[in-house]
Amino acid sequence: MPGLAMPKPDAATIRRRAEIVADMRIIVPGEGVVDTANEMRAFESDGLTAYRQLPLVVVLPETVAQVSRVLKYCNDRNIRVVPRGSGTSLSGGALPLEDAVLLVMSRFNRILEIDFPNRVVVAQPGVTNLGITTAVEQEGFYYAPDPSSQIACSIGGNVAENSGGVHCLKYGLTANNVLGIEMVLMNGEVVRLGGRHLDAEGYDLLGVMTGSEGLLGVVSEVTVRILKKPETARALLIGFPTSEQGGQCVADIIGAGIIPGGMEMMDRPAIHAAEDFVHAGYPLDVEALLIVELDGRPIAYLQSYDPHLEDDHPYADQPFGTLGIDLSIGLAQLVGVGHGTAIVRQFVEQLFEEGAPRVIIDPHPRNARAIRAYEKAGFRPIGRRQSQYGDVVLMAVDAAQGDTEEGD
């Protein structure tokens with residue numbers, strides 16, 4: 001980029017290059033040292049390809065002891081070190097320096113332990129982000145942070161960059177999902193921060209290390225939390241006539257206490273650029289698009305039978321009292337045709353115990369018995385909507401609403 005330049009290299013270090021390379025081959029024997037110009041081309045940049053520069057030498061250690069010896073050697077001789085994971089960073093976190101050893105951690109690529117009861121995975125830093133999910137998905141688990149480069153980026157690099165992804169809105173960044181690390185300090189000392197517990201006593205050194213881009217040490221092991229996969233996920237695409245209205249919608253959603261799994265916004269130029277390239281089917285007549293993903297529990301069902309249900313009702317092919325509850329958006333959406341008061345109240349109480357702040361129903365306008373049952377269970381009108389069956393009254397009951405009538 002015009003006007004921007006890499007740091008000026010140390011001439012004394014450059015003059016000692018042959019000696020440094022020879023010493024690195026002693027510490028990391030075999031094919032662990034790359035020093036020819038052609039071979040080092042693969043490491044001349046990271047994802048920020050506007051900057052390209054060959055490092056002093058590339059070193060690929062295989063053990064923590066080798067990492068420790070390399071760092072101690074460089075520290076004692078005042079040689080710079082740049083740690084590198086998969087090289088997918090777009091912030092320049094792994095850009096090589098002409099007078100620095102590029103310490104590549106890609107050979108640390110094993111998952112050391114999977115602990116499903118405690119919901120943690122212990123992995124070496126070269127394991128890919130998606131590799132963790134792949135290792136645990138057969139048991140219904142996954143690793144939540146999902147940067148766009150998750151198929152290639154390493155978990156060690158995620159710690160260095162505090163990587164996120166579209167789902168960080170609900171599930172947090174790397175800092176919110178890493179429980180502990182093993183790291184090697186510049187003087188070669190190996191230390192551990194955190195562990196398999198949520199929070200460690202004392203200063204939050206793990207938080208300091210996460211996002212430090214390798215300036216404080218080199219990660220040699222990572223302990224992350226894994227989560228159960230959401231049982232269901234739904235995506236919404238919402239268009240707006242102005243970007244301001246789209247932004248206000250985001251504020252309104254968060255202000256209502258609803259935390260979607262992910263939420264991203266595109267303005268008109270981004271919409272057209274994406275559509276021209278991938279032909280995703282985005283509407284081109286809007287100024288802004290909001291892409292919202294809701295995840296959580298699936299629709300649950302309460303089953304009974306209603307002999308009076310009209311044949312043309314949209315739920316006529318389902319058992320009477322089919323109450324669909326979607327808890328994934330923080331507001332239980334209950335749709336169905338009603339049931340006896342006692343069973344409705346029991347079902348609603350179960351939802352409240354599971355964290356639903358409100359239950360909403362839209363009973364069929366001609367099902368007076370169901371409407372009366374809902375009223376006795378504490379439901380009150382909150383609005384109306386038009387349907388093919390007429391003017392439907394929306395009814396709701398809140399967790400803190402209080403007493404309801406007795407009887408059925």
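1. Basis. In this predicted model, local features need pLDDT of at least 70 and side-chain atom pairs count only at pLDDT 80 or more, while totals for chains, interfaces and linings use all residues. Residues are numbered from 1 along each chain as its sequence is written, and side-chain values use heavy atoms, with hydrogens and water left out.

2. Aromatic pairs. Searching the whole structure gives two aromatic pairs. Rings of Phe, Tyr and Trp (its six-membered ring) pair if their centres lie within 6.5 Å; planes under 30 degrees apart are stacked, over 60 edge-to-face, and the rest tilted. Phe116 and Phe141 form a tilted pair, because their ring centres are 5.3 Å apart and their planes stand at 35°. The two residues are 25 apart in the chain: Phe116 is in the loop between strand E5 (111–115) and strand E6 (120–123), and Phe141 is in strand E7 (residues 141–142). Helices (H or I, at least four residues) and strands (E, at least two) are DSSP runs, numbered from the N terminus.

3. Exposure of the Phe pair. Phe116 is partly exposed at 23% relative accessible area, whereas Phe141 is buried at 7%. Buried means under 20% relative accessible area, exposed over 50%, and partly exposed in between (1.4 Å probe, protein chains only). The charged end of Lys228 sits over the ring of Phe141, 4.7 Å from its centre; the criterion is NZ of Lys or CZ of Arg within 6 Å of the ring centre and within 35 degrees of the ring normal.

4. The Tyr pair. Tyr142 and Tyr171 have ring centres 6.3 Å apart and planes at 85°, so this pair is edge-to-face. Tyr142 belongs to strand E7 and Tyr171 to helix H7 (residues 168–171), so the pair ties together parts 29 residues apart in sequence. Both tyrosines are buried.

5. Largest pocket. Its volume is about 530 Å³. A pocket is an open set of points on a 1 Å grid over the protein atoms alone, where a 1.4 Å probe fits, with protein on both sides within 12 Å along at least five of seven lines; lining residues have an atom within 4 Å of a point. Grid points are joined across faces, edges and corners, and the volume is the space filled by probe spheres set on them.

6. Pocket lining. The lining has 31 residues, with Ser89, Gly157, Asn158, Ala160 and Glu161 nearest the centre. Strand E3 (80–84), helix H6 (155–161) and strand E10 (218–225) each supply at least two residues, and H6 gives the most, with five. By class, the lining has 11 nonpolar, 17 polar and three charged residues. Here Ala, Val, Leu, Ile, Met, Phe, Trp, Tyr, Cys and Pro are nonpolar, Asp, Glu, Lys and Arg charged, and the others, Gly among them, polar.

7. Helix H12. Ala370, Ala373, Tyr374 and Lys376 are buried in H12 (residues 368–376). Viewed down the helix axis, the buried residues of H12 fall within an arc of 160°, so they line one face; the arc is that of the directions from the axis to the C-beta atoms. Gly378, with a positive phi near 105°, follows H12.

8. Asn162 has a phi of about 50° and is found in the loop between H6 and H7. His279 has a phi near 50° and is found in the loop between helix H10 (268–278) and strand E14 (288–296). Asn162 is partly exposed at 21% relative accessibility, while His279 is exposed at 60%.
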